[in-house]
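Welcome, and thanks for taking a look at this one with us. Please keep the viewer open while you go through the points below.

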Amino acid sequence: MSNIKRVFIATLIILIAGLGSVQAQPITLDGSVPRDIPFHTSYPDNPIIAGESSITGLPFEHLYVPIMLVFDNAQNARPLVGIAQADIVFQLPNAGAGATKLVGLFADNIPEQAGSSRSARVPFIELREIYNAPLVYAGGPTDNVASALDISRSMSSFDLYKKGLSFNLIGAQRAYKSSVDGKGKYFNTMANLQDIRDQVLGLDTQFIQKPYRFSDTLPVEGVPATDIEVAHFSSKTDDTMGNPASWARYIYDAEQNSYARMVDTGVFADYSDPDTAVTFSNVIVMRTPYRFYGNYVLLPEMVGSGPAELFIGGRYIEGGWSRESLQSRIVFVDQNGDEISLQRGHTFIVVGNQATRVTFSAGE
C-alpha cells in the first residue's frame, strides 16, 4: 500500500469517527472477473408517474428541463457550488493515471449558480444524449488532437450547436458565466444555470423523460455494505499512478438511508454548507473498458452492457448495466438481469474500468 493511500485512509477514518465502527477485514471486488448476467433483450421504458420525478423518485410538479454541467474534481476546486442540488452525479475518467471529472444532472432543482466548471470530453457529450440535455462546460480539446477527441466535431455530429444545447462558458456562451466570492481565479468558473434554463425554454427542444424504477422498501438481496471505498487507477489496480483526488469513501447512515461522501480533502460538501457531506441515496459503480489516446480517455463501449456494483439501502448487490443505444437510458439490473429499483433521492454513478478498485465492509 502506498503512503498516499495510507494517508487517505487515515484521514477518512478520523473524519468518520463517531459514525460507527467498521469491520477490520473489508472485501475488495475484482473488476476483471466476468459476470454471467442474463440481460434481457430489451428493457421497456418505465411509466411517467404524475407528481413524481423520473430522476429521483421524489415529489416533482415542475416543468422537466434537464441540464448537465461538467464539474472540476480537483482538490482546490472544492467545495463545489451547487453540487448538492444535482439529482445525479456521474464521475467519469478524464485522463490517464486515474484522473476524473464530475458531470452533474440537474432537473428537479436548478440552482442559480453551479461550478467550478471545467472542460468537456467526448464521452460527456455522448452521455448527455440520454437526456438530450444542454451541456454546460468550459472549453475542451479541439486543436491539434485526434478527430476522436475533438469535442467540436462531436458537438457538431450530435447537432448541439444547431440545437442551441452547447454552453461553453469560456467561448460563445460566456454571458452565462459568473463567479463567487472566496474562490481562486482558476477555480471560479460558475454557470448561471437558471439563466441557461430560461434560454433553453425558448428553444424548440423536447425533453423526454426516461424514468428510473424506485421503491419505498429497502432491498433484501445482496450483503450488508455500509462503508465503501472507490479508487481510480489508469489500467491496473497495482498501478502506483492512481489519483487520490478521484478516490472517495461512502458511509451509510441507516436513519437517513443515504451515503455520505468523503474525499481526500475531507467531506465532499457544497459551497453553501462546507462542513456537511453531500449524501446520496444510491451509489453505483458501472464498469466499461477505457480506450487511451495519449493522456485522454474514451469510452467506446458505453452502449451495450457490463458489470456493475450497486450499493443501495446499506447493501451491496452484484449486478450489471445495459444501454441499447446512445439515446437510451442506462438500466441497472440484478444478477438475474431484472431491472433494479433505486431508493428515492440523489444517485452517484461512478464510471470505471476493470482497474477501478471497489472495497466495502459492514458496520458492526
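Contact here means heavy atoms within 4.5 Å. With that cut-off in hand, Tyr131 touches Ile55, Tyr64, Pro66, Met68, Ile88, Phe90, Leu105, Phe207 and Tyr212, leaving aside residues up to four places away in sequence. Keep in mind that this is a predicted model.

**The nonpolar core**

- The largest nonpolar core has 90 residues, and within it Tyr131 and Phe332 touch the most other members.
- Strand E2, spanning residues 67-71, gives the most to this core, with 5 residues.
- As general background, nonpolar side chains tend to be buried together in soluble globular proteins.

**Strand E14, covered on both faces**

- How many residues of strand E14 (residues 258-263) are buried? The count is 6 of its 6 residues, so the strand is mostly covered, with buried meaning under 20% relative accessible area.
- In a regular strand, side chains alternate between the two faces of the sheet.
- For E14, one side carries Ser258, Ala260 and Met262, and these are buried.

**The partners of E14**

- Strand E13 (residues 248-253) runs antiparallel to E14, and 5 bridges join the two.
- Within that pairing, Ile251 has Ala260 of E14 as its bridge partner.
- E13 and E14 make a hairpin with 4 residues between them, and Asn257 in the turn has a positive phi of about 50 degrees.
- Strand E18 (residues 279-280) is also antiparallel to E14, joined to it by 2 bridges.
- There, Phe280 in E18 stands opposite Tyr259.
- Strand E15 (residues 266-267) pairs with E14 over 2 bridges, again in the antiparallel sense.
- Gly266 in E15 stands opposite Val263, and a hairpin through 2 residues joins E14 to E15.

**A three-stranded open sheet**

- Which order do the strands of this open sheet follow? The 3 strands are arranged as E5-E9-E8, with antiparallel pairing.
- Strand E5 (113-114) and strand E8 (177-178) are the edge strands, each pairing on one side only.
- E8 is joined by 2 bridges to strand E9 (residues 190-192), and the two run antiparallel.
- Lys177 has Ala191 in E9 as its bridge partner.
- Helix H5 (residues 193-201) packs on this sheet, where it touches E5 and E9.
- The direction of H5 makes about 40 degrees with that of E9.

Methods
Residues numbered from 1 in each chain as written. Predicted model: local features only at pLDDT ≥ 70, side-chain atom pairs only at ≥ 80, totals over all residues. Heavy atoms only, no water. Core = buried A, V, L, I, M, F, W, Y, C linked by side-chain atoms within 4.5 Å. Buried < 20%, exposed > 50% of the residue type's maximum accessible area, 1.4 Å probe, protein only. Pairing = 2+ DSSP bridges. Axes fitted to C-alpha atoms, helices over the stretch in contact; angles between N-to-C directions.
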